[in-house]
Amino acid sequence: MGFETARTFTLDFSDTDWEGAIVKIRALPIAGILEMGTCTLEREAEMLAANVTEWNLEHNGKPIEISQEAIFNSLEPPAKDLIIKEWMRASRGITAPLD
């Protein structure tokens, strides 16, 4: 039996306008972190949707589906950027609680 290295984080939005939001997301490997720094908006949304395991986000009172299309149609750019920023901080090992 080996040691499992895959981790999931609950992103920390305290001290932001998003305090109370819950986003649980898988950690990225090194290759994913490098790709995220150079990819298109479409690829960012695709990677985000593929790695979020749970969130409590709503748009106009309705839950936002975890999909690339829903991210494009429901999240404002600063919101997407905040999620990605906290995800990259957590994946690099900078202050995020593990689940």
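**What I am looking at**

I note that this is a predicted model, in which local features need pLDDT of at least 70 and side-chain atom pairs count only at pLDDT 80 or more, while totals for chains, interfaces and linings use all residues. I also note that residues are numbered from 1 along each chain as its sequence is written, and that side-chain values use heavy atoms, with hydrogens and water left out.

**The chain as a whole**

I find four helices and five strands in the chain, and from the N terminus on they run β-β-α-α-β-β-β-α-α; helices (H or I, at least four residues) and strands (E, at least two) are DSSP runs, numbered from the N terminus. The radius of gyration of the chain is 13 Å, close to the 13 Å that the globule rule gives for 99 residues, so the chain is as compact as a globular protein of that length. For that value the C-alpha atoms are used, and the globule rule is 2.2 Å times the number of residues to the power 0.38. I read the span of the C-alpha trace along its principal axes as about 45 × 30 × 25 Å.

Of the 99 residues, 37% count as buried, where buried means under 20% relative accessible area, exposed over 50%, and partly exposed in between (1.4 Å probe, protein chains only). Among contacts with a separation of 6 or more, 60% come from residues 24 or more positions apart, contact meaning heavy atoms within 4.5 Å. The chain exposes about 6400 Å², of which carbon and sulfur atoms supply 52%; these areas come from the Shrake-Rupley method with a 1.4 Å probe, and for residues only the protein chains shown count as cover.

**Helix H2 and Asn51**

I went back to Asn51, which has its place in helix H2 (residues 41–51) and counts as buried at 14% relative accessibility. Not counting residues up to four places away in sequence, Asn51 touches Lys24, Ile25, Arg26, Leu28 and Trp87. The buried residues of H2 are Glu44, Ala45, Met47, Leu48, Ala49 and Asn51. An α-helix has 3.6 residues a turn, so residues three or four places apart point the same way. I then looked up the cover of these buried residues, and it includes strand E2 (23–26), helix H1 (30–36), strand E3 (52–55), helix H3 (68–74) and helix H4 (77–91).

**Leu28**

From Asn51 I moved to its partner Leu28, which lies in the loop between E2 and H1 and is buried, with a relative accessible area of 10%. Leaving out residues up to four places away in sequence, Leu28 touches Ile33, Met47, Asn51, Trp87, Met88 and Ser91. I also noted that the C-alpha atoms of Leu28 and Arg7 are separated by 8.7 Å, although these residues are 21 apart along the chain.

Is Glu86 buried or exposed? Glu86, in helix H4, counts as buried at 11% relative accessibility, and beyond its neighbours within four places in sequence it is in contact with Leu11, Asp12 and Phe13. For Glu4, found in the segment before strand E1 (8–10), I read a relative accessible area of 57%, which makes Glu4 exposed. Glu4 and Asn56 are 52 residues apart in sequence and 27 Å apart in space, C-alpha to C-alpha.

Most residues other than glycine have a negative phi, and most peptide bonds are trans. I therefore marked Asp15 as exposed, with a relative accessible area of 76%, in the loop between E1 and E2, and with a positive phi near 65 degrees. Asn60, which is not a glycine, has a positive phi of about 55 degrees; I found Asn60 in the loop between strand E4 (58–59) and strand E5 (62–63), exposed at a relative accessible area of 72%.
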